[in-house]
Amino acid sequence: MTQLQITAFGAPSVLRLNPSQDKVPAEGEVRVRICFAGINPIDAKTRAGLGWAAAQNKEKLPWTPGYDVAGVVEKVGPGVSSLAEGDRVCGMVGFPLAAGGYGESVVAREEELVKLEDLALRQGAALPLAGLTAWQGLFEHGALKAGQRVLILAGAGGVGHLA
């Protein structure tokens, strides 16, 4: 397998394709063959050496970024009950420290993934981080209820247009 890794913090030129072994899923995990990976501001900031994820991973380089993925389950670990080999899935994997979505495959916890039934893999890879952020802002932190109205500022961005 190949992964796109941050080898040092800096410009995009610090990214390198490096070989790696496919990991075997442990209890409650699955391995997903990645078809699409989303790019989020946290990925670019971490590559540049900015923010919390960069500070936490500075001694762990090379490091594989990427949280938003969509692909096909290729191996299921023990104890996994909601996913099976061949399922089309998307999710936000390894947040906030492990990441690993910029590779040919990633091992993720079962609860980090959802099945894609009526949505293409390409669109599925664009939803997790921004979609979860929008959901949390509106419903978990904002306590939005049916019948209420909300003004979405910056509706052209990833989170704003999903909100």
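**Cysteines, nonpolar cores, pocket and backbone geometry**

C35 is partly exposed, with a relative accessible area of 38%, whereas C90, at 7% relative accessibility, counts as buried. In this predicted model, the structure holds zero disulfides, and C35 accordingly takes part in none, the nearest cysteine sulfur being that of C90, 12 Å away. A disulfide is a covalent bond between the sulfur atoms of two cysteines. Because the sulfur of C90 lies 12 Å from the closest cysteine sulfur, in C35, the separation is too far for a bond; a disulfide would require the two sulfur atoms to be within 2.5 Å.

In soluble globular proteins, nonpolar side chains tend to be buried together. The largest nonpolar core of the model has 12 residues, namely V30, V32, I34, V69, V73, V80, L83, V89, V93, V106, A108 and L113. The elements that give two or more residues to this core are β3, β4 (68-76) and β6, and β3 gives the most, with three residues. A second, separate core consists of eight residues, among them I6, W63, Y67 and M92. Within the largest core, V80 is in contact with G28, E29, V30 and E110, when its neighbours within four places in sequence are left aside.

Two or more lining residues come from each of β1 (2-6), β3 (29-37) and β6 (105-109), with β6 giving the most, five residues. By class, the lining comprises eight nonpolar, eight polar and five charged residues.

The peptide bond from L61 to P62 is cis, with omega near 0 degrees, and P62 lies in the loop between α2 (51-57) and β4. A cis peptide bond also joins F95 and P96, where omega is about 10 degrees; P96 is placed in the loop between β5 (88-92) and β6.

Positive phi values in residues other than glycine are found at A143, where phi is near 55 degrees, and at A154, where phi is about 60 degrees. A143 is found in the loop between α4 (128-141) and α5 (158-162), and A154 likewise has its place in the loop between α4 and α5. With regard to accessibility, A143 counts as partly exposed at 37%, while A154 is exposed, with a relative accessible area of 65%.

Definitions and conventions:
Residues are numbered from 1 along each chain as its sequence is written. This is a predicted model: local features need pLDDT of at least 70, side-chain atom pairs count only at pLDDT 80 or more; totals for chains, interfaces and linings use all residues. Side-chain values use heavy atoms; hydrogens and water are left out. Helices (H or I, at least four residues) and strands (E, at least two) are DSSP runs, numbered from the N terminus. Ala, Val, Leu, Ile, Met, Phe, Trp, Tyr, Cys and Pro count as nonpolar, Asp, Glu, Lys and Arg as charged, and the others, Gly among them, as polar. Buried means under 20% relative accessible area, exposed over 50%, partly exposed in between (1.4 Å probe, protein chains only). A nonpolar core is a set of buried Ala, Val, Leu, Ile, Met, Phe, Trp, Tyr and Cys residues joined through side-chain atoms within 4.5 Å. Contact means heavy atoms within 4.5 Å.
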